[in-house]
Amino acid sequence: MTDAARAVADAHRREWALVLAATVRVARDLDLAEECVQEAYAAALTAWARDGTPANPAAWLTTTARRRAMDAMRREATFRSRLPLLVEPAETGYEPATDPPPEQTDAVPDERLRLVFTCCHPALAPEARLALTLRLVCGLPTADVARALLVSEQTMAARITRAKKKIATARIPYRVPRPAELPDRLPAVLGVVHLLYTAGHTAPSGPTLLRTDAADRALHLARTLRALMPDEPEVGGLLALLLATDARRATRTGPDGGLLRLEDQDRSRWDRAALAEAHELIVAGLRAGRPGRYTLQAAIAALYAEAPTYDETDWQQLVTLYDRLLAVWPSPVVALNRTVPVSMASGPAVALALVDELAADPRLARYPYLPAVRADLLRRLDRPAEAALAYRDALARTDNDAERGFLAARLAEVDIEP
């Protein structure tokens with residue numbers, strides 16, 4: 001790979017959302033903005049190979065994409081002006097592209113976060129908002145978005161296409177929401193940031209367990225949200241969840257990049273400052289009353305981290321917290337995660353019965369952690385042949401190389417086939 005190609009790839013990973021956000025403000029059309037941004041990255045391959053990588057790649061890409069968007073809009077305006085009989089009068093005028101008024105821009109000071117709020121329009125179905133924003137604003141591949149939302153890639157692609165079409169046909173404006181509109185869009189925005197962090201914490205596919213750029217971007221968005229809406233308890237809950245989870249980042253893989261289980265991680269290397277900050281946010285969220293899903297998830301993550309050792313974890317308290325979480329967020333993934341502390345508090349046989357019930361839920365049909373949890377429980381129950389089958393099932397559903405290596409090693413431990 002050439003230096004220019006590496007620079008473009010790095011800029012795509014780090015700056016895509018920023019460049020797209022700035023271009024949408026000019027184009028006022030997501031498809032046009034996305035096309036212009038893609039053209040800007042393609043142009044960079046040639047220009048940067050010839051002239052060298054610019055000092056500010058994001059600025060170069062943004063300028064190039066915005067110019068292409070304005071050129072396209074001028075061409076469209078010229079075309080429409082020459083075909084007045086085919087166009088409704090209200091659609092014929094060309095309005096020069098301008099940035100939003102300062103009072104709207106200031107409502108959401110971060111460029112990326114503005115676009116997240118913009119795409120999380122209430123006219124779109126909740127799943128469409130998540131899909132569209134994760135794919136376009138956060139830059140996650142469609143396949144990874146599909147895995148995050150537990151649907152097939154084909155279903156996810158169709159969902160994104162329908163969302164774009166709904167925006168076009170309903171003429172949903174691409175403008176920064178007014179301050180009064182932010183609370184209605186907040187749940188969808190929180191969901192986007194959480195799923196973006198999840199995709200960085202454990203990459204749905206690829207050679208490494210982590211995607212640090214996605215995790216860092218989600219943490220930045222969560223902090224920006226906290227500064228923007230400090231009185232919203234669930235904003236603090238989400239930031240606490242990300243901090244408590246990310247505190248273990250340095251210990252989740254070994255020197256070879258292989259996955260390390262929680263019980264095998266060096267707790268002395270966990271980020272205590274992040275855990276302390278998370279603790280303060282969790283206490284504030286619990287004191288506010290009626291804690292939501294993110295505050296409760298953060299409390300669960302913090303309780304795991306507070307134990308001196310894995311075996312000293314307060315398993316029964318974790319089960320209680322999971323019960324409260326299921327009451328406010330009845331997700332099959334939460335129910336599956338609950339079986340881990342249940343297995344430690346009440347034994348693997350009790351947990352296995354719960355996992356087998358969850359296996360009938362179609363929402364978990366592609367979820368790799370269901371057979372992985374089942375395999376571990378069967379191994380602990382000294383049923384190696386069944387455990388091996390479950391590990392093979394988990395391997396078939398997993399596209400992350402680090403997780404595949406871990407599962408393959410576990411399979412080798414229980415595989416009794418000749």
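Asp266 is partly exposed, because its relative accessibility is 37%. That value falls between the 20% limit for buried and the 50% limit for exposed. The model is predicted. Asp266 sits in the loop between helix H12 (233–246) and helix H13 (272–287). Its C-alpha atom is 9.2 Å from that of Ala250, and the two residues are 16 places apart along the chain.

Phi of Leu150 is near 60 degrees, a positive value in a residue that is not glycine. Leu150 belongs to the loop between helix H8 (142–148) and helix H9 (153–169). Asp382 also has a positive phi near 60 degrees, and Asp382 is not a glycine either. Its loop runs between helix H18 (369–380) and helix H19 (384–397). Asp382 counts as exposed because its relative accessibility is 64%, and the exposed class starts over 50%.

Which residues of H15 are buried? They are Trp315, Leu318, Val319, Leu321, Tyr322 and Leu325. These residues cover an arc of only 165 degrees around the axis, so they lie on the same side of H15. What do the buried residues of H15 pack against? Their partners are helix H14 (293–306) and helix H16 (332–346).

Is His194 buried or exposed? It is buried, because its relative accessible area is 12%, and the cut-off for buried is under 20%. Leaving aside residues up to four places away in sequence, His194 touches Leu238, Leu241, Arg293, Tyr294 and Gln297. Leu238 and Leu241 are among these contacts, and helix H12 covers residues 233–246. Arg293 and Tyr294 are also among them, and helix H14 covers residues 293–306.

Now the cysteines. How many disulfides does the structure hold? The count is 0. Cys36 is in no disulfide, and the nearest cysteine sulfur to it, that of Cys119, is 16 Å away. Cys120 is in no disulfide either; here the nearest cysteine sulfur is again that of Cys119, at 7.0 Å. A disulfide needs two cysteine sulfur atoms within 2.5 Å. Cys36 counts as buried because its relative accessibility is 2%. Cys120 is buried too, because its relative accessible area is 1%.

UniProt, in an unreviewed entry, places the feature "domain: RNA polymerase sigma factor 70 region 4 type" at residues 117–167. Over residues 117–167 the chain is 73% helix and 0% strand. The end C-alpha atoms of that stretch are 14 Å apart.

The domain assignment of the protein chain gives domain 1 (1–83) and domain 2 (355–418). How far apart do the C-alpha centres of domain 1 and domain 2 lie? They are 44 Å apart.

Technical notes. Residues numbered from 1 in each chain as written. Predicted model: local features only at pLDDT ≥ 70, side-chain atom pairs only at ≥ 80, totals over all residues. Heavy atoms only, no water. Buried < 20%, exposed > 50% of the residue type's maximum accessible area, 1.4 Å probe, protein only. Contact = heavy atoms within 4.5 Å. Domains from an automatic or database assignment. Helix = DSSP H or I, 4+ residues; strand = E, 2+ residues; numbered from the N terminus. UniProt positions renumbered as here; feature names shortened; annotations may be inferred. Arc of directions from axis to C-beta.
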